[in-house]
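Please look over the structure below.

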Amino acid sequence: MGRVTIFALNECPHCKRTKAALTARGIPYTEISLSDYPQKRSDMLALADRLTVPQVFFNDEHIGGADDTLAVLEQWDKERYEKEIASVENAPSDVRLEVPTTPPVQAKPEPPRSEDDLILLPNGEEKSVLGVTQLLVKGMPRSNLSYRLKVYMNVFTGEEGVDALIKMFQLQSREEAIIFGQLFQERKLLNHVADDHKFQDTSKFYYRLQAFQEPKVLNTYRIWTDRVDPDSMALLARLKKLMGKIESDCTNDEGYLDYVAAKEHPKYDIFEEAVCELQGVNFKDMAEDEKLAFGINLYNLVIKHAFMKVGIPSGAFGRASFFTSAMSLK
């Protein structure tokens, strides 16, 4: 019995669009996941002479990628599928289109975070740096304040910060709020705008959360003080998978990615924090071929991140500014 075969990646939005189009027409398909079976990429390349996914086959005939397949499907329905594909005996005949029967490849697990990733809160609860940052982003005030003709963006006064900490953590005194504000400053979650003063209960000094400290640098949601995965390619693979999940969930059946929704996705903050680990990657120790592979994959990841965080540029000036400032990394 013949079939439709799709080479795909688990979190690929174009694969999702293609599979949705087949399902809408009642056409079943067999998926070969390159995420689970990366060794099958060489078979896909040999059969399709293309590197991108999805790649779709009707029995042994290569149809193409997402756009090619969607164009062909305009003339197809379940009846035609059963007549021209499913009815063919012993198809597909090429063994390279067979689904592997071996267990899927397991992704290398993330090394465990160290104790440095935990912060003891006033109620005795321990939270990760990500968890505390999310609390602070949600609960701390943020406005644009001026001092000596200079405007400081996304800041709060020390007095406002004390008020907010008392409310957030139900503290008993302003002194206790100052202690915890200074703890968060020591843990690099907030700082004085000019890095000149400790956290104080005053309206004279302005402070800013680290998450807003360097808006033009993508991976500065936090200062990375935790362990760094020595396998840089494994780190990048985890980041790509996380980004792929966000993309897939926010892409509709027509293939349009909602970047606004992506920024509100529950995993977006997790990605924002995880990508900060790149601060600790040592490019100097990489071999030249590893640098090239890492750089190409990182570039593709950074573009997607920037589109979500900053927005898609328009016009020549906007594009020039985007690629010179919005895509920088720490």
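Lysine 188 counts as partly exposed, at 42% relative accessibility. Partly exposed is the range between buried, under 20% relative accessible area, and exposed, over 50%, with a 1.4 Å probe and protein chains only. This is a predicted model: local features need pLDDT of at least 70, side-chain atom pairs count only at pLDDT 80 or more, and totals for chains, interfaces and linings use all residues. Residues are numbered from 1 along each chain as its sequence is written, and side-chain values use heavy atoms, with hydrogens and water left out.

Lysine 188 has a phi near 65 degrees, a positive value in a residue other than glycine. Lysine 188 sits in the loop between H7 and strand E9 (190-192). Helices (H or I, at least four residues) and strands (E, at least two) are DSSP runs, numbered from the N terminus.

Glutamine 170 also calls for a look. Its phi is positive, about 55 degrees, although glutamine 170 is not a glycine. Glutamine 170 lies in the loop between H6 and H7. Glutamine 170 is exposed, with a relative accessible area of 65%.

Two cis peptide bonds can be described as well. One runs from valine 53 to proline 54, with omega near 0 degrees. Proline 54 is in the loop between helix H2 (41-48) and strand E3 (55-58). Another runs from alanine 91 to proline 92, with omega near -5 degrees. Proline 92 is in the loop between helix H4 (78-86) and E5.

## Helix packing

Two packed helices are described by the angle between their axes and the distance between the axes. H6 and H7 pack at an angle of about 100 degrees, and their axes are 9 Å apart. H6 and H7 are therefore roughly perpendicular to each other. That label covers angles of 65 to 115 degrees. Axes are lines fitted to C-alpha atoms, for helices over the stretch in contact, and angles run from 0 to 180 degrees between N-to-C directions.

H6 brings Glu159, Val162, Asp163, Leu165, Ile166 and Phe169 to the contact, and H7 brings Arg174, Ala177, Ile178, Gly181 and Phe184. Contact means heavy atoms within 4.5 Å. By class, the residues of this contact divide into seven nonpolar, one polar and three charged. Ala, Val, Leu, Ile, Met, Phe, Trp, Tyr, Cys and Pro count as nonpolar, Asp, Glu, Lys and Arg as charged, and the others, Gly among them, as polar.

Now turn to helix H5 (residues 129-139). Its buried residues are Val129, Leu130, Gly131, Val132, Thr133 and Leu136.

## Cavities and pockets

Rolling a probe the size of a water molecule over the atoms shows where empty space is left. On a 1 Å grid over the protein atoms alone, a cavity is a set of points where a 1.4 Å probe fits but cannot get out; a pocket is an open set with protein on both sides within 12 Å along at least five of seven lines; lining residues have an atom within 4 Å of a point. Grid points are joined across faces, edges and corners, and a volume is the space filled by probe spheres set on the points.

The structure holds two cavities of 30 Å³ or more.

| Space | Volume | Lining by class |
|---|---|---|
| Largest cavity | about 40 Å³ | seven nonpolar, one polar, one charged |
| Second largest cavity | about 30 Å³ | three nonpolar, two polar, two charged |
| Largest pocket | about 1,900 Å³ | 23 nonpolar, 11 polar, 15 charged |
| Second largest pocket | about 470 Å³ | seven nonpolar, three polar, six charged |

Leu136, Val137, Met140, Pro141, Arg142, Asn154, Phe156, Leu209 and Phe212 line the largest cavity. H5 and strand E8 (150-157) are the elements that give two or more residues to this lining. The second largest cavity is lined by Thr133, Lys188, Leu189, Gln210, Ala211, Tyr221 and Arg222.

The largest pocket has a volume of about 1,900 Å³. Of its 49 lining residues, Leu9, Leu236, Ala237, Lys240 and Lys241 are the closest to its centre. Helix H8 (232-249) is among the elements that give two or more residues to this lining. H8 provides the largest share, 14 residues.

The second largest pocket is lined by 16 residues, and Phe212, Tyr221, Lys263, Tyr268 and Glu272 lie nearest its centre. H5 and H10 each supply at least two residues of this lining. H10 gives the most, with three residues.

Note on methods:
Angles under 35 degrees count as roughly parallel, over 145 as roughly antiparallel, 65 to 115 as roughly perpendicular and the rest as oblique.
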